[in-house]
Every structure is written in C-alpha cells, then in structure tokens.
Amino acid sequence: MIRRFLALNGLASIAVAFHHAAAYGFLALFNWTNAYRDVLVPNYDMIGSPAYYYLLGVRLLIGSYAIPAFLIVSGFYAAFASDGDGRMAWQAIWNRSKKFIPPFFIWTLIFFGMQRTLPRNLNDILRAYYYIPLIIQLYLLSPWLGPLAKKHWRAFLLITFIIQFVAEGASYLRLLGVEAGWVQLTITLTPIWFFPSRIFFFAIGLVLGFHRKLFGDWLKQRRYVLLVALILFAALSFVEYLWVDQFIGERWLGPSFVGIFRTAYAILFCFVVLAFDKVKLPFEKTLGQFGTVSLGIYLANTPAIYLTSSLIYQRVPSVLGQQAVYQPVLTAAGLFLPFLLIKLFEKPMLKRYAPLLFG
C-alpha cells in the first residue's frame, strides 16, 4: 500500500494540470470568445456543446480528486512519522512546515505579478495556493488529531466528516437560495484555506496510516464494490451539477462547484487506486516520479498554463476555439514545464535554490 500512495500522489499531480487547463478552457469558451468569433463577451452559447461537456467532465472527474488525494497522502505519512501514541514530534512538524513557506511566498508573488493585480485582502493571498496554508494547519493540529485517529478512529472519522460537511454544506445551501444567518456565518468562518473545509480528507489519511492492515484488507476485499460505487458516483456528480445549474436559473453555476457526490467520488477514486494495489498502472514508474515532486508541480503549473494560454491568445487565437488542440497543449504545459523546471534546479549550480522554489 505504501508504494501505491506515491502513485496516488502522482495521479493527483496530473489531475492538477488537467484541472487548471480546463479552467482556462472555460475562459476560452466564454470570456475570450471574441478573439476567434465576432461576438460580445461573456458569451455562453457554447454551453451544451461537446467541448463544454469535456471541460465539465475534467473538472468533475479528474480535477476533483487532486487536493483530496494530496491530503489523504499527507495524512498517511503524518501517521507514519508519528510516535507510539500517534503524535508527530514538534520538530518533525516544523521541519515539514517550514519547507512550504518560502515557495508559498515566491509563487504567490509570481501568481499576482502575472495577473498584474494586487490581492484585495488576506483571503485572496491564501486562496491562490490554498493547499499550503491548509496542510500547515493540519500538521500543527496533528499532535491532537493523531491520537484520536489511532485510538478512536470511528468517532474521529465521524466528527471530522460532520465538520467538513457543515463547512461545505453552507456554500451549497447558499447556492440553493438559503439565506439564513448561520449559513453566511459558516461560509465566512470556513474559507477554503481554513482546515474545517478539508479536514476529513486528512483524517482519512491518518486513519489509513495508523490502521494499515485493517483498512488494507478492507479495501482489497471490497475493491469491486468500490469500483462500481466509483462509476455510480461519477454519473451522480454530473446529475447533481446539472440539477443545481438548472435550479439557480439563468446564471451559469461555474466550474468550481463542490457537490456532495463529487466529494464522495474523489474519496472513492483514492480508495479504488489503493484497493487495486496489485494492478500495475500505466506508466507507474513515471507516476512515482511525479509523486515525488508533486509540490513543485502544484506550485508551478498555474503560471505555466497562464503563460501558454496568453501566448496562444496573442499569437494563434483561433486555437482557443479548438479545445481538441487547446486542452492537450495546456495540460502538457501544466505538467511537463514544471517537471522540467524542477529537473533544471537539480543541476549543481542551481540545486541550493530548489528548496526556495519547490520545498
């Protein structure tokens, strides 16, 4: 199972590239349409087209498992690094956390510099690379979370599930028109970079790490049930999205909707990858390589995709209307340009600067 977690991390890295490439695909469909067609923007007449459903599928079925997978893997290794009582030593927490801080500030500056804008508030700063403040918080909480995950894992999973469900559910209810005061308060107090919004994923990783034999056997015994459930929840993710999009009326729901079935699908995807650990994945060795540099890919992929899309917009805008060409180019740029940059910084002259950029 341990080897499989590295492959899962690699799959999450690839998913990040697909996820962000699809976001720029939607921009090309709706906001940059005037670059290749004589229309006013935003223009939503491509909703319902094959390109639209492809991009929606990428966001719902590929991009959805990236951050959950990263957090499950992080929770697993946090358990692996803990002592007999389930506590990670403060020195280990500091050593892990400090590697995130310089890259976070550098790439956040790069992100806003490329956008040629300034953050309006702290939330804007922390949202850009929200996984980093999120994982630091969870590491800082791990001396308390670890013992609970080890000794009382059922109650621990239930409580963390409720916390995350309430945090995510508040945004869902607001979309459905619920304007209760507690809904707005919950949304305000649980931004995406604050640990309640994603704590259940980390909790799953902790429990898997502390109870490897129990859950390893459980996953293998139910692997085909999990696979069927994964397919079912993939379909339900589409149904849920289309229903909510229709319910809210004329405005488009957007690509970032996090639904109940989409969250369940993301968890099931991770479980299926782990359950079929004896089945060799295509390019598994390469996935492992991506998994070892996943933080660097996460950090550098958005600038790589932004630069590539800007170049296409300026030089060959007609490609923006051809998603069959545009998406592979953006996805490859978001994955391989960061990977090549990371490899470049492994050279002797640049190696000492690599931790500042990639942790």
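Throughout these legends, buried means under 20% relative accessible area, exposed means over 50%, and partly exposed lies in between (1.4 Å probe, protein chains only). The model is predicted, so local features need pLDDT of at least 70 and side-chain atom pairs count only at pLDDT 80 or more, whereas totals for chains, interfaces and linings use all residues. Residues are numbered from 1 along each chain as its sequence is written, and side-chain values use heavy atoms, with hydrogens and water left out.

**View A. The aromatic pair of Tyr24 and Tyr306.** Rings of Phe, Tyr and Trp (its six-membered ring) pair if their centres lie within 6.5 Å, and planes under 30 degrees apart count as stacked, over 60 as edge-to-face and the rest as tilted. Because Tyr24 lies in helix α1 (residues 2-31) and Tyr306 in helix α15 (residues 294-315), the pair ties together parts that are 282 residues apart in sequence. Tyr24 is buried, at a relative accessible area of 11%, and Tyr306 is buried as well, at 15%.

**View B. The rings of Phe104 and Phe105.** The ring centres of Phe104 and Phe105 are 5.7 Å apart and their planes stand at 75°, so this pair is edge-to-face. Phe104 is buried, with 7% relative accessibility, whereas Phe105 is exposed, with a relative accessible area of 51%.

**View C. A cluster of aromatic rings.** Phe26, Phe30, Tyr44, Tyr52, Tyr53 and Trp252 are linked into a cluster by ring pairs.

Notes. Helix = DSSP H or I, 4+ residues; strand = E, 2+ residues; numbered from the N terminus.
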